[in-house]
Amino acid sequence: SLYMVYRTLKERGIPIRRISYFMIFTPVFIYYSIYSFDWIGAVFMVGAIYFCYRHRAPLSGISMGFAVAARIIPIVCLPFLFFEFKSRKDRVLLLASTGGAWLAVNIYFILTNFSGFLYAYTFQEGFYAEDSWLNILSPYDKTASAVLLLASLLLILYKRKHFNIFQQSLLAMVAFVVFNYKFPPQYM
């Protein structure tokens, strides 16, 4: 991730010292990586954004597919990557390579133990609100979470011409963190 951020800064002519903005939360990743695999999804998500910036739809899609296979959270960036590509061919390549990479990682589990494959998703869905400001809306915290996240993503999509792909992705991730009914520290 650091290397891709470094390359992006260098290619865009932005001072390399700004990499410190990216590194601010690195200690959180290191500390929580003992029991969490969020960093795997984060690395591939950064790759997907970087390859989108470089206009490489298949590589962006493969990285996004791996990111979503590791952790569902990066999927909030997919619509922004999709609209960043202007041609229909690139958009199809992005979606096909995202789906293909995700399927390549998951096909074994889908075929051998479908209910086991679904467990990760059903477990998260059944999880209670944790350390979120949305607890004040209980018992509607999950519904409020979904509505607020969707509304914020639609607003970012509507205003996307005012932001580059990096800013759109950051806003999408911030919206996810702010409007999620769970707030574990590794989400940072």
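**Figure 1. Serine 145, a buried residue of helix α9.** In this predicted model, serine 145 has a relative accessibility of 7% and therefore counts as buried. Buried here means under 20% relative accessible area, exposed means over 50%, and partly exposed lies in between (1.4 Å probe, protein chains only). Serine 145 is part of helix α9. Helices are DSSP runs of H or I with at least four residues, strands are runs of E with at least two, and both are numbered from the N terminus. With neighbours within four places in sequence left aside, serine 145 is in contact with Leu134, Phe179, Asn180 and Tyr181; contact means heavy atoms within 4.5 Å. Residue numbers start from 1 along each chain as its sequence is written, and side-chain values use heavy atoms, with hydrogens and water left out. Because the model is predicted, local features need pLDDT of at least 70 and side-chain atom pairs count only at pLDDT 80 or more, while totals for chains, interfaces and linings use all residues.

**Figure 2. The whole protein chain.** The chain has ten helices and zero strands, and its pattern along the sequence reads α-α-α-α-α-α-α-α-α-α. Buried residues make up 38% of the 188 in the chain. Of the contacts between residues at least 6 apart in sequence, 63% join residues at least 24 apart. The accessible surface comes to about 11300 Å², and 70% of this belongs to carbon and sulfur atoms. Accessible areas come from the Shrake-Rupley method with a 1.4 Å probe; for residues, only the protein chains shown count as cover.

**Figure 3. The largest nonpolar core and leucine 149.** A nonpolar core is a set of buried Ala, Val, Leu, Ile, Met, Phe, Trp, Tyr and Cys residues joined through side-chain atoms within 4.5 Å. The largest one has 27 residues, of which Met64, Val76, Cys77, Phe80, Leu81 and Leu149 touch the most other members. At least two residues of this core come from each of α4 (38–53), α5 (57–70), α6 (78–84), α9 and α10 (165–178). Helix α10 gives the most to this core, with six residues. Leucine 149 is in contact with Val76, Ala175, Phe176 and Phe179, leaving aside its neighbours within four places in sequence. In soluble globular proteins, nonpolar side chains tend to be buried together.

Figure 4. Cysteine 52 has a relative accessible area of 1% and so counts as buried. Cysteine 77 is also buried, because its relative accessibility is 0%. A search of the whole structure finds zero disulfides, a disulfide being a pair of cysteine sulfur atoms within 2.5 Å.

**Figure 5. The salt-bridge network of Arg7, Glu11 and Arg54.** These three residues are linked in a network of salt bridges. A salt bridge is a side-chain nitrogen of Lys or Arg within 4 Å of a carboxyl oxygen of Asp or Glu, and by this rule the count comes to two. Between arginine 7 and glutamate 11, the closest N and O atoms are 2.9 Å apart. Both residues lie in helix α1 (residues 2–12), four residues apart, about one turn of the helix. Between glutamate 11 and arginine 54, the closest N and O atoms are 3.0 Å apart. Glutamate 11 lies in helix α1 and arginine 54 in the loop between α4 and α5, so this pair ties together parts that are 43 residues apart in sequence. Arginine 7 is partly exposed at 28% relative accessibility, as is glutamate 11 at 31% and arginine 54 at 28%.

Figure 6. Isoleucine 16 sits in the loop between α1 and α2 (19–23). Isoleucine 16 is partly exposed, with a relative accessible area of 36%. Not counting residues up to four places away in sequence, isoleucine 16 touches Tyr6, Leu9 and Lys10. The C-alpha atoms of isoleucine 16 and tyrosine 6 are separated by 6.7 Å, and the two residues are ten apart along the chain.

Figure 7. Tryptophan 133 lies in the loop between α8 (114–126) and α9 (141–158). Tryptophan 133 counts as partly exposed because its relative accessibility is 43%.
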